Amino acid sequence: LRPIVISGDQGMGKTTSLCTLTAGALTSGECRVAVVDPLGSMEGFENFRFTAEDALVLIDALLDRSIEEDDSDWVFVGIDDADHLGPDIVDRLHVLLRRAASRHVALVVVFSSSDEVTRVADETALKIRFGAPKDA
């Protein structure tokens, strides 16, 4: 699976979209959810909020759990304000994505970022840019 990057200007609905995706993952019932929200913008997900470092540890543990039990669980990670993550965290997330793919474990990572998508996305990312409508 490829990471998904939602980017755009402030007020374009990036956090709202990420909250909707996160809520959908939670209602699926067979998903483990982690939210990285450095600015605290994602209201209602406090029980799933982790620091970026703790989220990496959790993802690693969840991948091991899914691999060992060979069940249908998948892991959803929503990262709001991803432009506040250090490059080392982003690199480690991409390593976990490759690890999950090589072991056939579904790891869905959705980044929301106000800066350029290339800041948090590698070349495999599905990039979605929110912007103001163009005048005709």
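Helices and strands here are DSSP runs, numbered from the N terminus. The model is predicted.

**Figure 1. Overall fold of the protein chain.** Three helices and six strands make up the secondary structure. Read from the N terminus, the order of elements is β-α-β-β-α-β-α-β-β. The chain has 136 residues, and 42% of them are buried.

**Figure 2. Lys14, a buried charge without a salt bridge.** Lys14 belongs to helix 1, which spans residues 14–27. Lys14 is buried. The nearest side chain of opposite charge is that of Asp81, 6.7 Å away. A salt bridge needs a nitrogen and a carboxyl oxygen within 4 Å, and Lys14 has none. Backbone oxygens are within reach of the Lys14 side chain instead. One belongs to Gly8, at 3.1 Å. Another belongs to Asp9, at 2.9 Å.

Figure 3. Helix 1 gives the most to the lining, with three residues. Helix 1 and strand 5 each supply at least two lining residues.

**Figure 4. Two separate nonpolar cores.** The largest core has 23 residues. Ile79, Leu85, Leu107 and Phe111 have the most contacts inside it. Four elements each supply at least two residues of this core: helix 2 (52–69), strand 4 (74–79), helix 3 (87–102) and strand 5 (107–113).

Figure 5. One cavity of 30 Å³ or more is counted. The space in the largest cavity comes to about 40 Å³. Its lining consists of Val36, Ala52, Ala55, Leu56, Ile59, Val77, Ile79, Leu85, Ile89 and Leu93. Helix 2, strand 4 and helix 3 are the elements that give two or more residues to this lining. Helix 2 gives the most, with four residues. Ile79 and Leu85 line the cavity, and both are listed among the residues with the most contacts inside the largest core.

How values were computed: Residues numbered from 1 in each chain as written. Predicted model: local features only at pLDDT ≥ 70, side-chain atom pairs only at ≥ 80, totals over all residues. Heavy atoms only, no water. Buried < 20%, exposed > 50% of the residue type's maximum accessible area, 1.4 Å probe, protein only. Lys, Arg positive; Asp, Glu negative; His and termini not counted. Polar contact = N/O pair within 3.5 Å; in protein donor to acceptor, adjacent residues only side chain to side chain. Core = buried A, V, L, I, M, F, W, Y, C linked by side-chain atoms within 4.5 Å. 1 Å grid on protein atoms, 1.4 Å probe; cavity = no way out; pocket = protein on both sides within 12 Å on 5 of 7 lines; lining within 4 Å. Points joined across faces, edges and corners; volume = space filled by probe spheres on them.
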